[in-house]
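Subject: Handing over the structure

Hi,

Here is the structure I promised you. Please open it first, then read my notes next to it.

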Amino acid sequence: MKPVLPGRRPRWPAQPLRRSAAWALAWVRSAPGTHIWLLIIGITSLVIASASEGLEQFLLHRTSSNIHELNEHPLPSLLISGFWIERPESFLLYVAMFELLHANVERWLGTWRWLLIVGAAHCAATLASQELVLLAIEGHRLPRSMTHVVDIGVSYGLAAAAGVLTYRLRPPWCYGWLLGVLLFFGVPLLTGATFTDFGHAIALVLGLVAWPLTPAGRAVPDEDGGDGDEARPPDRSGPRGMSREAPRDMPREGPQER
């Protein structure tokens with residue numbers, strides 16, 4: 001070991017830090033839509049965390065995709081509700097779920113196919129679940145105040161991504177994953193479901209039926225019955241140098257974050 005000369009600072013190895021920074025940058029660049037979405041949720045979470053109680057309630061109701069807002073501002077409420085979470089302290093949990101689900105699906109399918117599946121699932125699940133609330137109100141099983149219920153969140157998109165990710169995993173792991181997501185979203189649906197649980201189930205099904213948009217579903221068979229390799233897009237499942245192996249009877253009243 002060479003002695004440190006007086007007046008000179010010891011040089012710390014920078015290579016591991018450079019490699020970690022390059023790995024993180026490559027990961028973010030491989031799933032830009034996921035991380036832009038996370039950035040916006042982080043900003044809106046800071047707004048909610050720093051707002052007064054009155055302003056917080058105004059923002060949560062104004063950005064909800066409930067019956068009132070869907071009647072008044074259908075398109076904005078559908079889009080904006082997917083960029084807010086009701087409890088900012090849960091942001092780190094959402095970061096982990098986004099990295100596990102959205103990032104992997106986006107890297108596998110590409111940004112536009114991922115966005116098509118997740119966006120369609122978010123809109124369809126929101127509209128269907130609020131239609132359920134409307135039917136319950138008209139049937140006098142829920143109070144009319146539920147037309148202003150807080151209905152924001154990102155979980156419908158996460159449910160759809162969880163469904164699509166089933167096709168990314170190889171047997172037997174895909175069967176265990178499928179069983180897990182069916183139990184995770186199915187048990188609440190069968191045991192005193194809320195309208196949010198109903199929306200989760202719809203989003204999960206839409207993710208599962210999106211198989212034709214996956215690389216395997218779009219593969220063109222060869223004349224001999226095999227899969228045509230030329231029809232498969234290049235594997236973009238991970239940044240350079242990273243492993244590419246895949247290892248709600250009726251709704252209850254109250255705010256629903258998803």
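Start with Phe-98, which counts as buried because its relative accessibility is 0%. This is a predicted model, so keep that in mind throughout. Phe-98 sits in helix α6, residues 91-109. Which residues does Phe-98 touch, leaving aside neighbours within four places in sequence? The contacts are Thr-34, Trp-37, Leu-38, Ile-41, Ala-103, Val-154 and Leu-158. Look at Leu-158 in that list. Phe-98 and Leu-158 are 60 residues apart along the chain, yet their C-alpha atoms are separated by 7.5 Å.

**The whole chain**

Now zoom out. The protein chain has 258 residues, and 43% of them count as buried. How many helices and strands are there? The chain holds 11 helices and two strands. Read from the N terminus, the order is α-α-α-α-α-α-α-β-α-α-α-α-β.

**Two helix pairs**

Next, find helix α10, residues 195-208.

Take α7 first, residues 111-138. The axes of α7 and α10 come within 8 Å and cross at roughly 145°. On the α7 side, the contact residues are Ala-120, Ala-121, Ala-124, Ala-125, Ala-128, Ser-129, Gln-130, Leu-132 and Val-133. On the α10 side, they are Phe-195, Phe-198, Gly-199, Ile-202, Ala-203 and Leu-206. What classes of residue make up the contact of α7 with α10? There are 12 nonpolar, three polar and no charged residues.

Now take α8, residues 155-165. The axes of α8 and α10 come within 7 Å and cross at roughly 35°. From α8, the contact uses Ser-155, Tyr-156, Ala-159, Ala-160, Gly-163 and Val-164. From α10, it uses Phe-195, Thr-196, Gly-199, His-200, Ala-203, Leu-204, Gly-207 and Leu-208. By class, the contact of α8 with α10 has eight nonpolar, six polar and no charged residues.

Compare the two lists for α10. Phe-195, Gly-199 and Ala-203 meet α7, and Phe-195, Gly-199 and Ala-203 also meet α8.

**The loop between α8 and α9**

Move on to Thr-166. This residue lies in the loop between α8 and α9, and α9 spans 173-190. Is Thr-166 buried or exposed? Thr-166 is buried, because its relative accessible area of 7% falls under the 20% cut-off. Beyond its neighbours within four places in sequence, Thr-166 is in contact with Cys-174, Trp-177, Leu-178 and Leu-208. Cys-174 counts as buried too, at 10% relative accessibility.

Pro-172 is found in this loop as well. Check the bond before it. A cis peptide bond joins Pro-171 and Pro-172, with omega about 5°.

**The loop between α7 and β1**

Here you can compare two residues. His-140 is found in the loop between α7 and β1. Thr-147 has its place in that loop too, and β1 covers 151-152.

Why does His-140 count as exposed? His-140 counts as exposed because its relative accessibility is 73%, and the cut-off is over 50%. Its backbone deserves a look. Phi of His-140 is near 60°, a positive value in a residue other than glycine.

Thr-147 counts as buried, at 15% relative accessibility. Not counting residues up to four places away in sequence, Thr-147 touches Asn-66, Ile-67, His-68 and Ile-137.

**Salt bridge and cysteines**

How many salt bridges does the structure hold? It holds one. The side chains of Arg-62 and Glu-69 meet in it, at 3.2 Å from N to O. Arg-62 counts as partly exposed, at 37% relative accessibility. Glu-69 is buried, with a relative accessible area of 7%.

What about disulfides? The count is zero. That count rests on a cut-off, because a disulfide needs two cysteine sulfur atoms within 2.5 Å. Cys-123 is partly exposed, with a relative accessible area of 23%.

That is the tour. Send me your questions once you have looked.

Best wishes

How values were computed. Residues are numbered from 1 along each chain as its sequence is written. This is a predicted model: local features need pLDDT of at least 70, side-chain atom pairs count only at pLDDT 80 or more; totals for chains, interfaces and linings use all residues. Side-chain values use heavy atoms; hydrogens and water are left out. Buried means under 20% relative accessible area, exposed over 50%, partly exposed in between (1.4 Å probe, protein chains only). Axes are lines fitted to C-alpha atoms, for helices over the stretch in contact, and angles run from 0 to 180 degrees between N-to-C directions. Helices (H or I, at least four residues) and strands (E, at least two) are DSSP runs, numbered from the N terminus. Contact means heavy atoms within 4.5 Å. Ala, Val, Leu, Ile, Met, Phe, Trp, Tyr, Cys and Pro count as nonpolar, Asp, Glu, Lys and Arg as charged, and the others, Gly among them, as polar. A salt bridge is a side-chain nitrogen of Lys or Arg within 4 Å of a carboxyl oxygen of Asp or Glu.
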